[in-house]
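Trainee: Could we go through this chain together, one question at a time?

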Amino acid sequence: MALRKIVTKEDPILKKKCRPVEKFDDRLHMLLDDMAETMYAADGVGLAAPQVGMLRRAVVMDIGEGLLELVNPEIIERKGEQCAEEGCLSIPGEYYETIRPAYVKVKAQDRNGEWHEYEGEELKARCFCHELDHLDGVLFTERLNPNPTPKEERKTAEEE
Ligand code: NI
């Protein structure tokens with residue numbers, strides 16, 4: 001395993017749409033291993049492949065419930081709305097209130113190509129949406145609350 005460099009918001013790669021993963025081979029496994037190591041080293045709860053310079057539809061996440069690897073993920077259901085402060089390892093030090101669904105259901109392949117479904121609310125729903133957006137070249141700064149809550153009423157920030 002190896003740490004990879006996390007690209008920051010000036011890098012045009014973060015605005016590009018990622019290609020589906022077609023081969024579930026050693027190269028994919030190495031990418032996922034490196035992404036997890038890089039995410040943990042940066043104290044993040046999620047990391048998408050374009051953030052390490054790879055235009056592939058792959059994400060790693062750990063909101064404290066263990067590592068999730070999502071390959072070719074898609075949101076198949078969403079409900080409600082939530083608003084909380086969000087951050088991004090590619091936009092260090094900036095936290096803004098972001099609008100997300102309250103609940104999402106995601107389907108994704110694992111590192112061997114098997115399909116699974118995942119559900120999430122609160123931080124988990126936000127993390128799914130934030131990381132999946134990265135695969136379409138969308139940063140959280142495009143999803144901001146147009147009427148931010150006063151600072152003292154805000155929930156605490158999470159790095160994603
Ligand atoms: Ni991010």
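This is a predicted model: local features need pLDDT of at least 70, side-chain atom pairs count only at pLDDT 80 or more; totals for chains, interfaces and linings use all residues.

Trainee: How many disulfides does the structure hold?

Mentor: A disulfide is a pair of cysteine sulfur atoms within 2.5 Å. The sulfur of Cys127 has its closest cysteine sulfur in Cys129, 9.3 Å away, which is too far for a bond. The number of disulfides in the structure is therefore zero.

Trainee: Is Cys127 buried or exposed?

Mentor: Buried means under 20% relative accessible area, exposed means over 50%, and partly exposed lies in between, using a 1.4 Å probe and protein chains only. Because the relative accessibility of Cys127 is 0%, this residue counts as buried.

Trainee: Which pattern does the chain follow along the sequence?

Mentor: Helices (H or I, at least four residues) and strands (E, at least two) are DSSP runs, numbered from the N terminus. The chain has two helices and seven strands. Read along the sequence, their pattern is α-β-β-β-β-β-β-β-α.

Trainee: What share of the residues in the chain is buried?

Mentor: The cut-off of under 20% relative accessible area applies here too. Of the 160 residues in the chain, the buried share is 49%.

Note on methods
Residues are numbered from 1 along each chain as its sequence is written. Side-chain values use heavy atoms; hydrogens and water are left out.
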